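Me: I have a structure open and have never looked at it before. Can you walk me through it?

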Amino acid sequence: MECVRSGALDLGRSGNFLGKSGSTTSCGKVRCSTNLAGSTKCEQNLHGKVKPLLLSASGKARGTSGLVHRSAVLKHQHHLSVRSTSTDVCTTFDEDVKGVSSHAVEEKIGVLLLNLGGPETLNDVQPFLFNLFADPDIIRLPRLFRFLQRPLAKLISTFRAPKSKEGYASIGGGSPLRKITDEQANALKVALKSKNLEADIYVGMRYWYPFTEEAIDQIKKDKITKLVVLPLYPQYSISTSGSSIRVLQNIVKEDQYFAGLPISIIESWYQREGYVKSMADLIEKELSVFTNPEEVMIFFSAHGVPLTYVKDAGDPYRDQMEDCIALIMEELKSRGTLNDHTLAYQSRVGPVQWLKPYTDEVLVELGQKGVKSLLAVPVR
Ligand SMILES: C=CC1=C(C)c2cc3[nH]c(cc4nc(cc5[nH]c(cc1n2)c(C)c5CCC(=O)O)C(CCC(=O)O)=C4C)c(C)c3C=C
Ligand SMILES: [Fe+2]
């Protein structure tokens with residue numbers, strides 16, 4: 001089987017990624033953008049739990065049960081998604097609300113990039129896994145059993161570490177995520193500068209260095225006056241963007257400086273034109289390497305989540321992933337690229353059911369069906 005792996009992503013390509021927008025308070029998932037000027041622009045879901053919202057005729061939400069954070073500088077708007085049943089996409093904190101005077105202080109914009117983090121050496125693997133499994137958004141225990149979170153994390157991380165180490169050893173002895181994220185931060189700084197936007201970029205990892213808490217300390221020291229939060233996961237999941245945003249929420253709740261800081265959160269961006277087009281560019285480029293490009297199966301490979309996240313906790317991840325693939329395929333079709341495609345989920349951990357179909361099973365099936373050429377496209 002001929003197999004080529006692709007998948008870099010290009011944040012800088014999105015035309016209006018951090019552009020100013022008008023003061024409208026509604027937006028569909030497809031057009032969401034962060035508004036540095038401060039007007040409420042997009043729907044939001046600060047809480048990991050996405051519950052269906054009842055919309056009034058004006059489009060305003062009547063049910064707000066999914067929200068856990070409120071502060072004097074927040075304005076919330078909710079909208080049902082155009083393409084799926086989940087809420088999304090970003091949260092904007094209004095500037096013109098009591099407590100923030102943009103005229104009195106010199107503007108200092110910060111962008112906080114959130115990512116998962118990864119062990120830099122094989123010795124880091126077990127403590128990294130401990131941090132991951134100690135997260136209640138990763139191992140979701142009933143409230144009554146929360147006291148077991150850390151002992152369980154210790155147990156599972158110790159048990160998982162050998163297998164995990166094997167994986168990290170095979171890619172050079174550690175995760176490349178910190179280096180890649182730093183490169184993205186530099187590229188973003190340059191891209192913003194080219195649009196005459198000065199911003200300080202911070203990197204906050206959820207489970208390894210530099211931790212989100214460190215980035216937050218630095219933001220405070222630097223006296224940032226407006227903060228844009230960009231999780232580097234194109235699609236929203238309770239276990240990724242949701243978990244990192246929860247860390248922020250906890251800090252905002254406790255800290256006077258952050259409680260008064262206008263913060264915009266971009267919850268998902270897989271639907272942005274720049275992302276969709278850059279993925280299509282990459283796929284076309286890699287297809288051209290094959291002898292018969294039109295015969296190649298495009299194999300989208302996504303990190304899975306346990307099925308209960310989607311079924312019981314309302315995680316929009318699967319909907320957003322399917323939507324994401326549909327948008328990329330639509331874009332390819334509009335360019336005359338009509339290849340077959342498949343989406344499958346990898347990275348199962350533990351005995352529970354995860355999102356299906358599973359990558360390892362689909363690969364076998366494709367081989368049995370006689371598929372000879374495959375382009376593997378990681379989509380997170
Ligand atoms: C056990 C639960 C896990 C959930 C739920 C989960 C969701 C999830 N993760 C990513 C992205 C990444 N995960 C990475 C590593 C990783 N993830 C888990 C477990 C869960 N992930 C483990 C145990 C590990 C460690 C490696 C292993 O032992 O398999 C990474 C790599 C980080 C790095 O080191 O560079 C990424 C990226 C997403 C997108 C996601 C839900 C949508
Ligand atoms: Fe993971």
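Reply: Ligand 1 has 26 residues around it, and Arg160, Ser164, Tyr168, Ser175 and His303 come nearest. A residue counts as near if one of its heavy atoms lies within 4 Å of the molecule or strand in question. This is a predicted model, in which local features need pLDDT of at least 70 and side-chain atom pairs count only at pLDDT 80 or more, while totals for chains, interfaces and linings use all residues. Residues are numbered from 1 along each chain as its sequence is written, chains are lettered from A and ligands numbered from 1 in the order in which they are written, and side-chain values use heavy atoms, with hydrogens and water left out.

Me: What lies 2.8 Å from an oxygen atom of ligand 1?

Reply: That is a polar side-chain atom of Arg160. The side chain of Ser175 also has an N or O atom 2.6 Å from an oxygen atom of the ligand. His303 places a polar side-chain atom 3.0 Å from a nitrogen atom of ligand 1. A polar contact here is a pair of N or O atoms within 3.5 Å; within protein, one must be able to donate a hydrogen and the other to accept it, and residues adjacent in sequence count only if both atoms are side-chain atoms.

Me: And how much of ligand 1 does the protein bury?

Reply: Taken alone, ligand 1 exposes 800 Å², and the protein buries 88% of that. Accessible areas come from the Shrake-Rupley method with a 1.4 Å probe; for residues, only the protein chains shown count as cover.

Me: Which elements give two or more residues to the shell around ligand 1?

Reply: They are helix 1, helix 2 and helix 5 (238–254). Helix 1 provides the largest share, four residues. Helices (H or I, at least four residues) and strands (E, at least two) are DSSP runs, numbered from the N terminus.

Me: New topic. How many salt bridges does a search of the whole structure find?

Reply: It finds 14. A salt bridge is a side-chain nitrogen of Lys or Arg within 4 Å of a carboxyl oxygen of Asp or Glu. One of them joins Asp137 to Arg246, with the closest N and O atoms 2.5 Å apart. This pair links distant parts of the chain, 109 residues apart: Asp137 is in the loop between helix 1 and helix 2, and Arg246 is in helix 5.

Me: Is Asp137 buried or exposed?

Reply: Asp137 is buried, because its relative accessible area is 10%, and Arg246 is partly exposed at 23%. Buried means under 20% relative accessible area, exposed over 50%, and partly exposed in between (1.4 Å probe, protein chains only). Asp135, Asp137, Arg206 and Arg246 are linked in a network of salt bridges.

Me: Where do Lys179 and Glu183 lie?

Reply: Both are in helix 3 (residues 177–194), four residues apart, which is about one turn of the helix. Lys179 is exposed at 58% relative accessible area, whereas Glu183 is partly exposed at 42%.

Me: OK, strands. Why is strand 9 largely enclosed by the rest of the structure?

Reply: Strand 9 (residues 373–378) is largely enclosed because five of its six residues are buried. Strand 7 (residues 297–303) pairs with strand 9 in the parallel sense over five bridges; pairing requires DSSP to find at least two bridges between two strands. Ser301 stands opposite Pro378 in strand 9.

Me: Which phi does Lys223 have?

Reply: Lys223 has a positive phi of about 55°, although it is not a glycine. Lys223 lies in the loop between helix 4 and strand 5 (226–231) and is exposed at 61% relative accessible area. Ser347, also not a glycine, has a positive phi of about 70°.
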